[in-house]
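Welcome! Take your time and look up each residue as you meet it.

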Amino acid sequence: MSEFEQTVSYGQRLITFQLSRRARKTVRVQVHPDGAVRVIAPLDYPADEVSKVVRRKAAWIVKQLRFFEQFRPLTPPRQYRSGETHRYLGRQYRLKLTVGDKRIRLMAGFIEISEPDLDQEGIRNSLDTWYRQKATIYFQRMLTASLARFESYGLAIPQLKLRHMPTRWGSCTPSGVIYLNPDLIRAPGSCIEYVVIHEICHLINRNHDQTFYQLLERILPDWQKRKQTLERIMA
């Protein structure tokens, strides 16, 4: 039984699901505790009709995902105080907070944040904005560089967008738009490259089938090691 990955939009949220086919008469949608959405459809059921079924059940799917998310281990709440550690490109940096003109920069193992008023919400917003700005630049550069590995396929540079996704680092829509989770900027560059190349492979093959993984293996032979590193560091 082959499984294929597809994505549908529900408001501002993307729902990615694994589609498998069996000898049955109806479409079944399952949401698992790990956040995986699986759809089992009849052998001859059109793919676009499967997507319509998922869209009709989208509200229920999101409700189930949120239900399971509450049972997952949570990282300790961030306090956004001097000395607290935060990751950037795989490295740990300590926050250094000072009162002054609004500014944020990397300096000798620290993320230095200067704000007129050092309230927790302001620091959090400044840091999130900084991460997003860095992600926008870094991801676009990584995408352009990674496309060079696919020269024989003649791919155009796809549109790249940032979107927070609770259970995914990246996604590729049927229209060829690549979404990356801005929190990925906290991971090592090698892990970011793995996610980018994974999504580029979906521009060629939408499915997670044997052909897809053969392509991924050829372009990035150590992808499994990078994936494991990403899961370990960013858990």
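## A tour of strands, rings and neighbours

Strand β7 and strand β8 (residues 110-115) run antiparallel and are joined by five bridges. Keep in mind as you explore that this is a predicted model.

**The pairing around β8**

- Arginine 94 has phenylalanine 110 as its bridge partner in β8.
- Is β8 enclosed or open to the outside? Five of its six residues are buried, so β8 is largely enclosed by the rest of the structure.

**The whole sheet and its helix**

- In what order do the four strands of this open sheet lie? Reading across, the order is β5-β6-β8-β7, and the pairing is mixed.
- β5 (85-88) and β7 (103-107) are the edge strands, each of them pairing on one side only.
- On average, neighbouring strands of this sheet are turned by 35 degrees against each other, direction ignored.
- Helix α3 (residues 120-147) packs on the sheet and touches β5, β6 (91-99), β7 and β8.
- The direction of helix α3 makes about 125 degrees with that of β8.

- Strand β3 (residues 28-31) pairs with strand β4 (residues 37-42) over four bridges, in the antiparallel sense.
- Valine 31 is placed opposite valine 37 of β4.
- Five residues lie between β3 and β4 in this hairpin, and glycine 35 in the turn has a positive phi of about 95 degrees.

**Rings that pair up**

- How many aromatic pairs are there? The count comes to seven aromatic pairs, taking rings whose centres lie within 6.5 Å.
- Are the rings of tyrosine 194 and tryptophan 223 stacked or tilted? Their planes are at 15 degrees and their centres 6.3 Å apart, so the pair is stacked.
- This pair links distant parts of the chain, since tyrosine 194 belongs to helix α4 (residues 189-204) and tryptophan 223 to helix α6 (residues 223-233), 29 residues apart.
- Tyrosine 194 and tryptophan 223 are both buried.
- A cluster is also present, in which ring pairs link Tyr88, Tyr93, Trp130 and Tyr131.

**Charges over rings**

- Lysine 96 has its charged end over the ring of phenylalanine 110, at 5.9 Å from the ring centre.
- Arginine 186 lies over the face of tyrosine 131, and here the distance to the ring centre is 4.1 Å.

- Look for threonine 16 in strand β2 (residues 13-22).
- Threonine 16 has a relative accessible area of 12%, so it is buried.
- The side chains of threonine 16 and threonine 7 are joined by a polar contact of 3.2 Å.
- Not counting residues up to four places away in sequence, threonine 16 touches Glu5, Gln6, Thr7, Val37, Arg168 and Ser171.

- Where does valine 27 lie? Valine 27 is in the loop between β2 and β3.
- With a relative accessible area of 21%, valine 27 is partly exposed.
- Its contacts, leaving aside neighbours within four places in sequence, are Val39, Ile40, Ala41, Pro42, Tyr45 and Val53.
- Valine 27 and glutamate 49 are 22 residues apart in sequence, and their C-alpha atoms are 9.7 Å apart in space.

Key: Residues numbered from 1 in each chain as written. Predicted model: local features only at pLDDT ≥ 70, side-chain atom pairs only at ≥ 80, totals over all residues. Heavy atoms only, no water. Pairing = 2+ DSSP bridges. Helix = DSSP H or I, 4+ residues; strand = E, 2+ residues; numbered from the N terminus. Axes fitted to C-alpha atoms, helices over the stretch in contact; angles between N-to-C directions. Contact = heavy atoms within 4.5 Å. Phe/Tyr/Trp six-rings, centres within 6.5 Å; stacked < 30°, edge-to-face > 60°. Buried < 20%, exposed > 50% of the residue type's maximum accessible area, 1.4 Å probe, protein only. Lys NZ or Arg CZ within 6 Å of the ring centre and 35° of its normal. Polar contact = N/O pair within 3.5 Å; in protein donor to acceptor, adjacent residues only side chain to side chain.
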